[in-house]
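This briefing is intended for a reader who is meeting the structure for the first time. Please keep the sequence and the model in view while reading the points below.

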Amino acid sequence: MRHTRIIVTHYGGPDALRVVEEECPEPKPGEVRVRVLAAGVAMPDIMAREGVHPETPPVPYTPGWDLVGEIDRLGDGVSGIEPGQIVAAMPIHGAYAEFVCLPQRELVPVPSRLDAAEAVSVVLNYITAYQMLHRSAKVKPGQRVLYHGASGGVGTALLQLGRLAELEMYGTCSSRGASAVSELGGIPIDYRNQDYVKEIHRLTSEGVDAVFDPIGGAHLWHSREALRPGGRVVGYGNTTSLREEGLGSDRTGRRNRFHGIPIYALYIAGGWFLPGRKRIVPYSIQTLKRLRPELFRRDLIALFDLLQQQKIKPLIAQRFPLAEARQAQELLGKGGVIGKIVLVRNASSLESGAA
Ligand SMILES: NC(=O)c1ccc[n+]([C@@H]2O[C@H](COP(=O)([O-])OP(=O)(O)OC[C@H]3O[C@@H](n4cnc5c(N)ncnc54)[C@H](OP(=O)(O)O)[C@@H]3O)[C@@H](O)[C@H]2O)c1
């Protein structure tokens, strides 16, 4: 049987993505073959394609952090799981494919009747948001928080989970995202036309308890200025490493996984040693998953439960067929996307929402 997958042929712009057709992979002992129903498209995919994400693999590789799929075939030694069951996983690479083989321990059951595109949005974005809120910042009801990139994939997850945690929320976004941020319970701040630090101090006087910053670089330090004493910045990205012109070009880049890391470390150290009791702490979903896999599994199961109870509702910006992965990444790279872009298996599910 043949299948399709996407590969990144070199580091650089969207033209690095190619569609290839080849023999379906066979599961090794202990592995399960999964038919992918939905795969998330996220900023870390674009950063890895550009060569500047810490998880950038050598080329050629298949991108795709997270997936929801149906169990298709079991390798030797696999038990307690049946073909046809719906599962989720976060392999970090490889999800942009029709079929993928994964170790059984990587799979988390997905409750029945969930939309695959909504379920996959929970894997990377909502676990990131949940763990940052409850494990890194340890927020309490009534606290004030500031989210950067509030109308994006992780940002909208932070807003929905922050509302459940009864937080007072502020969110930077461009003017296109302002109404989505308000609808999700946040007070939008237009980062293109306003200084968010001044705006936070005007609105709250003393500052916020926590800032969630995916931009990185000097932005982390500016975020720190929005804190009240004793507050913390959770740094979780380095989108500043992406050069604006690179996102749409056919330029060739190089693998530079540690791009921006030394300056990041310097800001974290500064937060600890300078007066003001305002710390910067890093968060990385992949590091926490490697160190504490049981937390990842427990948090994902809890979030699927919230999804089933309709306490969270991921915003799906657009669904694309797998073969249009390039267009999907181009759209995300252009900016202004509200919520999550998802690659889905069935053309019929593009409109209906039943991936
Ligand atoms: N550490 C981790 O474990 C982890 C896990 C998942 C994701 N991430 C990181 O999280 C970040 C967001 O990922 P995503 O998939 O949610 O991306 P996304 O959907 O593209 O969202 C990013 C948002 O940031 C906004 N934005 C861009 N520049 C900004 C600025 N200077 N100030 C405020 N907002 C700005 C964009 O809005 P406009 O386009 O409208 O300007 C966009 O809505 C990435 O850096 C990614 O690497 C980290």
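Helix α2 passes helix α9 in a right-handed crossing. The model is a predicted one.

**Helix α2 against helix α9**

- Helix α2 covers residues 116–136 and helix α9 covers residues 293–308; their axes come within 9 Å and cross at roughly 120 degrees.
- An angle counts as roughly perpendicular from 65 to 115 degrees and as roughly antiparallel over 145. The two helices, α2 and α9, are therefore oblique to each other.
- On the α2 side, the residues that meet α9 are Glu118, Ala119, Val122, Val123, Tyr126, Ile127, Tyr130 and Gln131.
- Their partners in α9 are Phe296, Asp299, Leu300, Leu303, Phe304 and Leu307.
- Sorted by class, this contact of α2 with α9 has eleven nonpolar residues, one polar residue and two charged residues.

**Helix α2 against helix α3**

- The axis of α2 also comes within 8 Å of the axis of helix α3 (residues 153–164), and the two cross at roughly 50 degrees.
- This angle makes α2 oblique to α3.
- The crossing in which α2 passes α3 is right-handed.
- From α2, the residues Asn125, Tyr126, Thr128, Ala129, Tyr130 and Leu133 take part, and they meet Gly153, Val154, Ala157, Leu158, Leu161 and Gly162 of α3.
- By class, the contact of α2 with α3 has eight nonpolar and four polar residues, and no charged residues.
- Tyr126 and Tyr130 are among the α2 residues that meet α9, and they are also among those that meet α3.

**The buried face of helix α10**

- Within helix α10 (residues 325–334), the buried residues are Ala325, Ala328, Gln329, Leu332 and Gly333.
- Viewed down the axis of α10, these buried residues fall within an arc of 130 degrees, so they line one face of the helix.
- An α-helix has 3.6 residues a turn, so residues three or four places apart point the same way.
- The elements that cover the buried residues of α10 include the strands β1 (2–8), β2 (17–23), β3 (31–41), β14 (316–321) and β15 (340–344), together with helix α1 (43–49).
- Just after α10, Gly335 takes a positive phi of about 90 degrees.

- Most residues other than glycine have a negative phi, and most peptide bonds are trans.
- The peptide bond from Val59 to Pro60 is cis, with omega near -5 degrees. Pro60 is in the loop between α1 and β4 (67–74).
- Lys138 is not a glycine, yet it has a positive phi of about 50 degrees. Its place is the loop between α2 and β8 (144–147).
- Lys138 is exposed because 11 other C-beta atoms lie within 10 Å, and a residue with 12 or fewer counts as exposed.
- Gln310, likewise a residue other than glycine, has a positive phi, near 60 degrees. Gln310 lies in the loop between α9 and β14.
- With 7 other C-beta atoms within 10 Å, Gln310 is exposed.

**An exposed helix residue**

- Phe273 belongs to helix α7 (residues 261–273).
- Phe273 counts as exposed because it has 6 C-beta neighbours inside 10 Å.
- From C-alpha to C-alpha, Phe273 and Pro111 are 46 Å apart in space, and they are 162 residues apart in sequence.

Notes. Residues numbered from 1 in each chain as written. Predicted model: local features only at pLDDT ≥ 70, side-chain atom pairs only at ≥ 80, totals over all residues. Buried ≥ 20, exposed ≤ 12 C-beta atoms within 10 Å, placed from the backbone. Helix = DSSP H or I, 4+ residues; strand = E, 2+ residues; numbered from the N terminus. Arc of directions from axis to C-beta. Contact = placed C-beta atoms within 7 Å. Axes fitted to C-alpha atoms, helices over the stretch in contact; angles between N-to-C directions. Parallel < 35°, antiparallel > 145°, perpendicular 65-115°, else oblique. Left-handed = near helix turned anticlockwise from the far one by under 90°. Nonpolar A, V, L, I, M, F, W, Y, C, P; charged D, E, K, R; others polar.
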